[in-house]
Amino acid sequence: MNIKPIDCAGGYAITNSRRRQGTSGPAPSLSPEAMEKAADSILHSRFDTVELSKGHGLRTLEELSYDPHEGAVLSTSFTYDNVSEKARNLSFLMDERAFRVDSQIGYGFIKDRDRMAQHFGEIGRQIDQAFSAGEISKQEYDDLNAGLARYTETVTSREERGNAVAMALRKQSKALRALINRGASQVEIEAFAQQCRDAFADEVNKFITGSCKIDRNLMSQLIQRVRGGKDLVQRKAPQFGGFHI
């Protein structure tokens, strides 16, 4: 039995088909009553275990939020509650969520150190400019700088680990391919895979302390250069999801 929807009101065209080798015939017609019962039976068996909540889980446009700051994870904690609008806006530049950081630095598993320093330095440059223009107080300036220090360390540490994970995965993948190419048995391959899983955390830590380590002193110097007006990389408009104020 084939059932096909024929309109938006939920009607169905139902046909029986019999296929026999060397013979075929027209599908017998069904009465409207039989069609309705068949359709009701199918709909019931398909949806009888679904419990729809009030409103069927739909939200009206009025209920949706289009605030780009909603759910932000901010590095800055202000000393006082009466924060100026300018200082508040500057604090939103230091949103620790990964997709916000990626929108500013660039997408990819391995981040470029200079681009990271450029991003941190540009935020610092905006903080300096706002303070020089009298748009934020000294306390707000200090709070924002403390937030930038935390933001810099949070993002740098996360990217360090992300780079180390990528390096560890590449190393293990290369070793596995070599094992397969030399004709290792399934037992050997499974044992090697288990060994990789057991040693993965240690491998990541080795890369973090080794080739993936980001020199914090050098990073600080690069950030200060950008804050002073010297760009490390060619500046371009923020990518999707990024913004400047």
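**Salt bridges across the predicted model.** The structure holds 11 salt bridges. The model is predicted. The protein chain has 7 helices and 2 strands. From the N terminus, the order is β-β-α-α-α-α-α-α-α. Of the 245 residues, 30% count as buried.

**Close-up of R150 and E96.** R150 forms a salt bridge with E96, and the closest N and O atoms are 3.3 Å apart. R150 lies in helix α5 (residues 138-181) and E96 in the loop between α2 and α3 (98-105), so the pair ties together parts 54 residues apart in sequence. R150 is partly exposed, at 43% relative accessibility. E96 is buried, at 10%.

**Close-up of S75.** S75 sits in the loop between α1 (32-47) and α2 (85-91). S75 is buried, with a relative accessible area of 4%. The side chain of S75 makes a polar contact with the side chain of E96, at 2.6 Å. Among the residues that S75 touches are R150, Y151 and M94.

**Close-up of R216 with E153.** A salt bridge joins the side chains of E153 and R216 (2.9 Å, N to O). E153 lies in helix α5 and R216 in helix α7 (residues 216-227), so the pair ties together parts 63 residues apart in sequence. E153 is partly exposed, with a relative accessible area of 36%. R216 is partly exposed at 25%.

**Close-up of R216 with E160.** The side chains of R216 and E160 also meet in a salt bridge (2.8 Å, N to O). E160 lies in helix α5 and R216 in helix α7, so this pair ties together parts 56 residues apart in sequence. E160 is buried, with a relative accessible area of 4%. A network of salt bridges links E153, E160, K213 and R216.

Notes: Residues are numbered from 1 along each chain as its sequence is written. This is a predicted model: local features need pLDDT of at least 70, side-chain atom pairs count only at pLDDT 80 or more; totals for chains, interfaces and linings use all residues. Side-chain values use heavy atoms; hydrogens and water are left out. Helices (H or I, at least four residues) and strands (E, at least two) are DSSP runs, numbered from the N terminus. Buried means under 20% relative accessible area, exposed over 50%, partly exposed in between (1.4 Å probe, protein chains only). A polar contact is a pair of N or O atoms within 3.5 Å; within protein, one must be able to donate a hydrogen and the other to accept it, and residues adjacent in sequence count only if both atoms are side-chain atoms. Contact means heavy atoms within 4.5 Å. A salt bridge is a side-chain nitrogen of Lys or Arg within 4 Å of a carboxyl oxygen of Asp or Glu. Lists of a residue's contacts leave out its neighbours within four places in sequence.
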